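Here is a short report on a ligand site and a pocket.

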Amino acid sequence: MNSFEEVYKEACENPESYWAEIAEQVHWYEKWDKVIDDSDAPFYRWFTGAQTNVCFNAIDLHVKEGRGEQVAIIHDSAITNSVSKLTYLELQDQVSRFAGVLSSHGVAKGDRVIVYMPMVPEAVVAMLACARIGAVHSVVFGGFASNELAVRIDDCEPKLIVAASCGLEPSRTVEYKPLLDEAIEIATHKPDGCVVLQRPQSRANMTKGYDFDWEEVMKTASPMDCVPVAATDPLYILYTSGTTGQPKGVIRDTGGGMVSLKWSMKNIYNSNPGDVYWAASDIGWVVGHSYIVYAPLFHGNTTLLFEGKPVGTPDAGVFWRVISEHNVKVLFTAPTAFRAIKKEDPTGQYLKKYDVSCLESLFLAGERTDPDTLNWAKEKLGVPVIDHWWQTETGWAICSNCLGIEQLPVKDGSPTRAVPGWQLSVLDEGGNEVKPGEIGALVAKLPLPPGTFPSLWNAQERHFDSYLKTFPGYYETGDAGYIDEDGYVFVMSRTDDVINVAGHRLSTGAIEEVLASHPDVAECAVMGVNDALKGELPLGCLVLNSGVDRDDQEIISECVQLVRAKIGPVAAFKLAVVVGRLPKTRSGKILRGTMKKIADSTEWKMPATIDDPAILDEIEVSLQSLGYAEG
Ligand code: COA
Ligand code: AMP
């Protein structure tokens with residue numbers, strides 16, 4: 001077996017031969033002309049000229065090779081107390097029939113389909129059915145409000161929307177259909193129709209001739225076979241937060257996405273075909289796309305689709321119940337989930353009730369794993385706990401301890417080293433490489449490995465400006481951090497206005513846009529303040545229009561409602577304070593970073609460019625009224 005060092009060297013020095021060999025494990029109708037196509041650098045493409053199909057590789061290939069009777073998907077709903085299973089053969093039947101439904105509604109290769117569904121197997125069926133006929137899916141997370149859905153409808157212009165009547169949160173039923181109807185009403189682009197899965201917990205009102213009942217249309221559907229598509233064709237668009245209110249439509253390509261994900265299952269997660277793999281995330285996020293749906297299915301695993309929360313459904317033992325009941329070998333979740341469990345059950349009493357000896361490793365991502373949580377999980381579970389760093393844009397890990405290659409020693413607070421295929425550097429503002437241990441911008445040398453985003457939907461210029469312009473020849477990750485003498489990477493913070501709330505990526509700019517639309521708000525600033533459970537929480541400072549003499553609390557609660565209505569409950573925006581003025585530089589830039597440091601009671605320096613230092617004292621007093629800035 002090769003050491004990590006050897007594999008890393010090979011992937012970096014000979015990327016074309018390295019990935020071409022890996023790609024042999026995938027089914028292609030036609031092989032590539034070029035492994036890496038640099039004809040349009042700095043935009044690179046992988047496996048140009050090749051023809052393949054994602055759905056064939058995720059399902060049909062396994063059926064052909066004898067895995068038809070193996071369970072492909074376990075659906076465990078801790079909210080409805082139910083478990084259901086689909087074998088690869090059953091999944092093939094459902095997916096090929098739903099592909100027929102899509103096709104009978106006029107969806108063809110290249111058309112977009114929005115999937116707005118909770119954690120039900122039909123969501124996976126819809127995604128795979130799109131892939132089967134070469135349609136491009138865009139899954140929208142259920143915690144977003146109509147307005148966010150409308151923005152996505154207008155950007156990717158779907159032919160059809162596939163939705164469910166409701167999602168189930170522990171304390172309430174989220175009615176999806178009224179949100180969907182409102183989004184279509186707001187959007188300029190009008191899809192041709194909607195297919196709606198009627199869940200028994202709440203059935204939706206349907207518009208005849210426009211809304212079609214999933215169950216009804218499936219009864220008469222003719223199965224469709226896989227359609228060959230180009231390796232460079234988009235598999236999906238997944239919107240993620242950027243600096244402004246307009247989300248970025250990250251594109252995943254077909255061939256590169258498949259090769260990298262398949263490779264990662266063995267090399268990073270040390271998972272084998274047939275093993276049960278559980279990514280406790282949501283299909284609305286990139287973790288869900290890559291590790292609930294595609295990677296485990298490419299690898300012939302059994303994937304687990306979990307509807308519930310780490311605590312409260314019904315208690316802090318649910319993760320252990322699921323692991324032991326379904327023989328889970330690898331669990332992948334966000335650190336916030338473990339912080340929630342640790343808070344409720346610090347001594348691990350619930351863990352004692354279950355036999356979780358089947359678990360071989362725990363992977364965490366979405367935010368930096370704090371050493372406390374890492375060590376608690378390691379001690380309680382007795383398995384390797386691996387923090388790994390990645391982004392929607394990359395689709396898979398940039399840094400990880402690659403358990404399937406060689407387990408490296410863990411350093412607290414570090415997602416270990418760059419994964420084979422990734423060449424990382426830390427640069428200062430002038431683009432010069434800094435010394436080991438010094439903080440700067442984390443960048444990756446181009447071309448990026450396969451599976452990373454080839455571009456942003458409808459926004460190639462934004463792609464260039466956001467990621468490729470500042471440091472020519474590199475991809476700017478948007479994260480700051482350092483690399484130590486041993487090559488261990490430490491990811492410390494974002495360099496832009498993105499914050500991370502319970503592993504969910506949010507734009508403070510988008511929240512500010514909503515707050516600024518309140519008639520009494522003159523200007524505002526939103527920052528992510530530290531939170532023991534969710535990592536960060538958005539906190540808004542509001543300056544009111546002169547002459548407004550209403551109660552501050554009334555305005556604040558209207559603002560909280562407005563963010564919930566416009567962005568959605570997932571923004572978790574509940575903290576706001578009215579301030580007299582905002583601290584700015586002499587050129588008018590709001591000093592959000594300094595305000596955050598004051599709120600978090602971390603060390604801060606008076607910015608040399610500040611216009612009026614006295615404002616920071618006022619801000620400190622205002623933040624103290626919310627229980628912050630008290631250190
Ligand atoms: N549909 C509708 N609403 C949703 C939703 C969904 N799919 N997911 C979350 N929400 C709502 C919640 O109900 C909550 O609403 P509320 O303000 O009415 O309480 C709000 O959005 C915030 O949700 P969340 O951040 O999940 O907080 P929580 O208090 O419900 O749970 C944790 C806290 C830590 C248990 C939870 O955040 C968690 O499990 N996080 C794991 C994160 C994760 O998997 N991230 C993916 C990256 S790997
Ligand atoms: P998302 O695109 O939603 O996956 O969010 C990506 C961002 O989450 C990254 O740019 C980081 O800021 C943060 N992130 C994800 N994983 C980690 C990690 N393991 N350590 C530190 N930050 C992380």
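## Ligand site and pocket

Gly143 places a backbone N or O atom 3.4 Å from a nitrogen atom of ligand 1. The model is predicted. Gly142 also takes part: a polar backbone atom of this residue is 3.4 Å from a nitrogen atom of ligand 1. Glu169 uses its side chain instead, with a polar atom 2.6 Å from an oxygen atom of ligand 1. The protein buries 83% of the 940 Å² that ligand 1 exposes when taken alone.

| Residue | Atom of the residue | Atom of ligand 1 | Distance |
|---|---|---|---|
| Gly142 | polar backbone atom | nitrogen | 3.4 Å |
| Gly143 | backbone N or O | nitrogen | 3.4 Å |
| Glu169 | polar side-chain atom | oxygen | 2.6 Å |

The shell around ligand 1 holds 22 residues. Closest are Glu169, Arg172, Lys534, Arg564 and Lys574. By class, the shell has 10 nonpolar, six polar and six charged residues. Ligand 1 lies between domain 1 (87-227) and domain 2 (504-624), because both give residues to its shell.

The lining of the second largest pocket divides into six nonpolar, six polar and five charged residues.

Note on methods
Residues are numbered from 1 along each chain as its sequence is written. Chains are lettered from A and ligands numbered from 1 in the order in which they are written. This is a predicted model: local features need pLDDT of at least 70, side-chain atom pairs count only at pLDDT 80 or more; totals for chains, interfaces and linings use all residues. Side-chain values use heavy atoms; hydrogens and water are left out. Ala, Val, Leu, Ile, Met, Phe, Trp, Tyr, Cys and Pro count as nonpolar, Asp, Glu, Lys and Arg as charged, and the others, Gly among them, as polar. A residue is near a molecule or strand if one of its heavy atoms lies within 4 Å of it. A polar contact is a pair of N or O atoms within 3.5 Å; within protein, one must be able to donate a hydrogen and the other to accept it, and residues adjacent in sequence count only if both atoms are side-chain atoms. Accessible areas come from the Shrake-Rupley method with a 1.4 Å probe; for residues, only the protein chains shown count as cover. Domain bounds come from an automatic or database domain assignment.
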